[in-house]
Amino acid sequence: MCLAESGLSYPCHRLTVGRRSSPAQTREQSEEQSTDVHMVSDSDGDDFEDATEFGVDDGEVFGMASSALRKSPMMPENAENEGDALLQFTAEFSSRYGDCHPVFFIGSLEAAFQEAFYVKARDRKLLAIYLHHDESVLTNVFCSQMLCAESIVSYLSQNFITWAWDLTKDSNRARFLTMCNRHFGSVVAQTIRTQKTDQFPLFLIIMGKRSSNEVLNVIQGNTTVDELMMRLMAAMEIFTAQQQEDIKDEDEREARENVKREQDEAYRLSLEADRAKREAHEREMAEQFRLEQIRKEQEEEREAIRLSLEQALPPEPKEENAEPVSKLRIRTPSGEFLERRFLASSKLQIVFDFVASKGFPWDEYKLLSTFPRRD
């Protein structure tokens with residue numbers, strides 16, 4: 001009888017060891033169906049019966065047990081969407097090993113890269129890729145005792161983005177090797193390709209770098225919790241040193257960019273100020289031009305009126321004239337004098353027209369008599 005045939009179903013059993021009292025009692029105990037399994041020993045209680053006594057070697061025991069324990073595949077074969085495949089993987093993992101496990105990133109490997117590497121340096125994390133294989137005898141122990149250990153789960157959640165893939169099916173294995181070759185190069189892909197089934201599961205620790213992604217560590221399934229934690233911490237030390245350099249470079253780059261932005265902003269403001277001055281000057285010049293045009297039009301209009309008045313004036317009478325003549329002397333605001341003879345019978349409007357014809361229209365100037373002073 002092998003372990004699978006004896007009724008041991010994963011994940012947990014309580015086993016007790018008792019002395020063999022008699023063959024009859026041993027047969028009765030083997031027929032009982034309970035959750036406690038009694039392993040019999042010789043009378044001295046030191047040596048346990050080996051599975052070979054039943055004609056079954058250890059490899060067959062673990063192989064049959066592993067096959068009997070699997071209820072459904074961890075990951076569908078030929079899944080179109082990597083996110084859907086990871087959803088089933090997470091659900092099946094929780095079903096087999098409980099809810100205390102690393103938080104697997106749901107999405108493509110490229111999306112996991114974006115989440116881990118292509119953010120600000122202070123927010124970057126290492127990428128842990130868990131490669132599962134149902135045919136390995138180490139898988140159940142690694143998952144239940146190491147990958148689901150609270151210390152490992154806590155450390156991974158704080159410092160890593162954890163992505164998983166199942167290599168049990170050949171199609172999924174080939175798919176991952178293609179992704180691995182694309183992102184990490186042929187050397188890493190060949191390393192995973194040459195791993196034997198019993199060396200799985202694997203844990204790849206990836207660090208993002210400027211030029212390429214670097215595989216810091218490949219952890220095989222035959223490890224312990226302490227060794228796994230030490231290797232994770234060693235990877236974190238390397239990552240932290242690189243991260244500090246990246247943070248320094250990023251801060252210096254941001255400082256340079258801030259200075260450049262400030263300079264660009266100052267230059268932009270200077271250009272806007274110059275443009276505002278230029279526009280204001282242009283508006284001022286346009287206003288001056290408009291006013292000058294108005295002034296010229298007004299002057300032309302006044303000149304036209306002056307000429308028309310000058311032409312409409314009656315001729316100046318001579319000094320020896322049969323009619324009485326008045327000689328008027330008019331002082332202008334500039335101090336100059338205008339003299340002209342008018343017929344005494346002429347209307348006063350002719351005097352206004354004469355003054356206007358000299359550039360002093362009546363609507364802008366007044367004619368005042370000197371003594372007595374009156375309009």
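Buried means under 20% relative accessible area, exposed means over 50%, and partly exposed lies in between, with a 1.4 Å probe and protein chains only. Helices (H or I, at least four residues) and strands (E, at least two) are DSSP runs, numbered from the N terminus. This is a predicted model, in which local features need pLDDT of at least 70, side-chain atom pairs count only at pLDDT 80 or more, and totals for chains, interfaces and linings use all residues. Residues are numbered from 1 along each chain as its sequence is written, and side-chain values use heavy atoms, with hydrogens and water left out.

**Figure 1. Confidence along the protein chain.** pLDDT is the predictor's confidence in each residue, from 0 to 100. The protein chain averages a pLDDT of 81. A score of at least 70 is reached by 81% of the residues. Over residues 22-70, pLDDT stays under 50. For residues 22-70 the model has 51 contacts (heavy atoms within 4.5 Å) beyond four places in sequence. Where pLDDT is low, the predicted coordinates should not be read in detail.

**Figure 2. Salt bridge between Arg-124 and Glu-250**. A salt bridge is a side-chain nitrogen of Lys or Arg within 4 Å of a carboxyl oxygen of Asp or Glu. By this rule the structure has 20 salt bridges. In the bridge between Arg-124 and Glu-250, the closest N and O atoms are 3.9 Å apart. Arg-124 lies in the loop between helix H4 (109-116) and strand E3 (126-132), and Glu-250 lies in helix H9 (residues 225-312), so the pair ties together parts that are 126 residues apart in sequence. Glu-250 counts as buried, at 6% relative accessibility. Arg-124 counts as partly exposed, at 23%.

**Figure 3. Salt bridge between Asp-264 and Lys-260**. Their side chains meet at 3.1 Å, N to O. Asp-264 and Lys-260 are four residues apart in helix H9, so about one helical turn separates them. Asp-264 is partly exposed, with 40% relative accessibility. Elsewhere, salt bridges that share partners join Lys-120, Arg-124, Asp-246, Glu-250, Arg-253 and Glu-254 into one network.

**Figure 4. Salt bridge between Arg-96 and Glu-92**. The closest N and O atoms of this pair are 2.9 Å apart. Both residues lie in helix H3, four residues apart, about one turn of the helix. Arg-96 is buried, with a relative accessible area of 11%. Glu-92 is buried too, at 10% relative accessibility.

**Figure 5. Aromatic pair of Phe-89 and Phe-93**. Rings of Phe, Tyr and Trp (its six-membered ring) pair if their centres lie within 6.5 Å; planes under 30 degrees apart count as stacked, over 60 as edge-to-face and the rest as tilted. The structure holds 17 aromatic pairs. Phe-89 and Phe-93 form a stacked pair, 6.0 Å centre to centre with 25° between the planes. Both sit in helix H3 (residues 82-97), four residues apart, so about one helical turn lies between them. Phe-89 and Phe-93 are both buried.

**Figure 6. Hairpin of E7 and E8**. Two strands pair if DSSP finds at least two bridges between them. Strand E7 (residues 325-331) and strand E8 (residues 337-343) run antiparallel, joined by seven bridges. Arg-331 stands opposite Phe-337 in E8. Five residues lie between the strands, and Gly-335 takes a positive phi near 100° in this hairpin. A charge sits over a ring if NZ of Lys or CZ of Arg is within 6 Å of the ring centre and within 35 degrees of the ring normal. Arg-329 lies over the face of Phe-337, at 3.7 Å from the ring centre. Arg-340 lies over the face of Phe-342, at 4.9 Å from the ring centre.

**Figure 7. Helix H10 and its surroundings**. Seven of the ten residues of helix H10 (residues 348-357) are buried, so the helix is largely enclosed by the rest of the structure. The buried residues are Ile-350, Val-351, Asp-353, Phe-354, Val-355, Ala-356 and Ser-357. They pack against H9, E7 and E8. Just after H10, Gly-359 takes a positive phi of about 100°.
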